[in-house]
Amino acid sequence: MKQIRIIFFGTTEFASGILQTLIDEGYNIVAVVSQPDKPVGRKHTIQMTPTHVLADQYQIPVIQPDFLKEHVEDVLRYEPELILTCAYGQFVPVRILEYPRYGCINVHPSLLPKYRGGAPIHHAVMGGETETGVSLIQMTKAMDAGDIYARVTTPLGKDETMAELNQRLLVLSKQLVKDNLEDYIAGKLVGEPQDDNKVILGLNITKEEEKVQFAVENVQTLYNHIRGLIDWPMPYGVVDGKRIKFCKVRMRKEDHQARPGEILGFKNHAMEVASIGGIIEVYELQPEGKSRMTADAYANGAGRNMIGKVFE
């Protein structure tokens with residue numbers, strides 16, 4: 001069963017981990033489809049996607065269309081018998097979905113039908129979930145809406161960040177593939193339809209969502225918001241007309257009379273910021289135009305003049 005012709009669709013570091021698992025398990029990967037390589041930095045140096053880098057190491061052909069729907073034949077010429085996707089980044093055309101004899105399946109890092117979309121890990125943390133997991137699903141024309149063949153659940157820690165959860169879910173996703181892919185190919189797994197009445201979207205993070213709103217969100221919601229964006233794309237607040245990114249935070253609930261967003265001072269290695277119903281303790285931050293630093297370092301510099309100022 002492992003020698004059937006498989007095309008892997010994926011782009012990110014997370015997807016690269018799944019591709020590595022398929023290679024390590026001896027599956028026959030005939031091609032990889034990734035988003036295009038992109039220029040990065042001031043010199044606009046072209047940086048290969050993580051899956052492109054890995055595929056090159058194993059001399060696996062890579063297809064990187066700007067618009068997949070315009071390159072269907074480039075994919076189908078590899079005559080895939082199975083397509084497996086994870087964190088690819090484009091909708092897969094119906095012609096491709098209908099081609100493989102064993103179908104198309106997707107590894108999705110959430111407990112579907114919760115958090116369909118491109119940022120399920122972010123949204124699980126931002127949503128204050130206490131449990132999450134990964135799902136192996138049938139691909140359909142509708143986004144992340146196919147039958148569920150297997151899933152693994154895990155607790156989500158009250159202080160866990162997106163970056164920390166991302167690493168744990170990658171480990172679980174690799175194991176999900178190891179434990180279930182052969183059985184899927186053999187027809188031993190039965191798909192369970194998703195309950196469309198329980199759908200929650202987990203779409204890609206917008207620029208507006210990156211900004212923390214102290215005057216709007218209570219301390220718990222604010223804390224979840226911040227945790228869900230660490231360490232990418234990084235949450236920020238605006239004070240005195242400049243951005244400050246929040247890199248490491250904790251929260252405590254307490255009554256106070258301060259204005260939401262007011263910088264109260266520096267205590268126990270943290271910058272304390274008032275929030276609705278509590279305090280956000282900022283232990284590491286990155287002021288606009290500066291490198292990431294501890295709150296102590298900030299307090300010894302520009303931070304000493306920020307006490308009493310208020311985040312927007």
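Is P113 buried or exposed? In this predicted model, P113 is buried, with a relative accessible area of 13%. Buried means under 20% relative accessible area, exposed over 50%, and partly exposed in between, with a 1.4 Å probe and protein chains only. Residues are numbered from 1 along each chain as its sequence is written, and side-chain values use heavy atoms, without hydrogens and water. Because the model is predicted, local features need pLDDT of at least 70 and side-chain atom pairs count only at pLDDT 80 or more, while totals for chains, interfaces and linings use all residues.

UniProt, in an unreviewed entry, lists S110, L111, L112 and P113 as "binding site". Such annotations may be inferred rather than shown by experiment; the positions follow the numbering used here, and feature names are shortened. L111 lies in the loop between strand 7 (104–108) and strand 8 (114–116). P113 is found in the loop between strand 7 and strand 8. Helices (H or I, at least four residues) and strands (E, at least two) are DSSP runs, numbered from the N terminus. L111 is buried, at 12% relative accessible area.

Contacts (heavy atoms within 4.5 Å) were listed without residues up to four places away in sequence. L111 touches E131, T132, G133, V134, S135, R151, V152 and T153. P113 touches Q194, D195, K198, V199 and I200.

Strand 7 is mostly covered, with five of its five residues buried. In a regular strand the side chains alternate between the two faces of the sheet. On one side of strand 7, C104, N106 and H108 are buried; on the other, I105 and V107 are buried. Two strands pair if DSSP finds at least two bridges between them. Strand 7 pairs with strand 6 (residues 82–86) in the parallel sense, over three bridges. There, C104 is the bridge partner of I83. Strand 7 and strand 9 (residues 131–138) run antiparallel and are joined by four bridges. N106 stands opposite I137 of strand 9.

The largest pocket holds about 1700 Å³ of space. Elements giving two or more residues to its lining include strand 6, strand 7 and helix 6 (162–185). A pocket is an open set of points on a 1 Å grid over the protein atoms alone, where a 1.4 Å probe fits, with protein on both sides within 12 Å along at least five of seven lines; lining residues have an atom within 4 Å of a point. Grid points are joined across faces, edges and corners, and the volume is the space filled by probe spheres set on the points. Helix 6 gives the largest share of the lining of the largest pocket, five residues.
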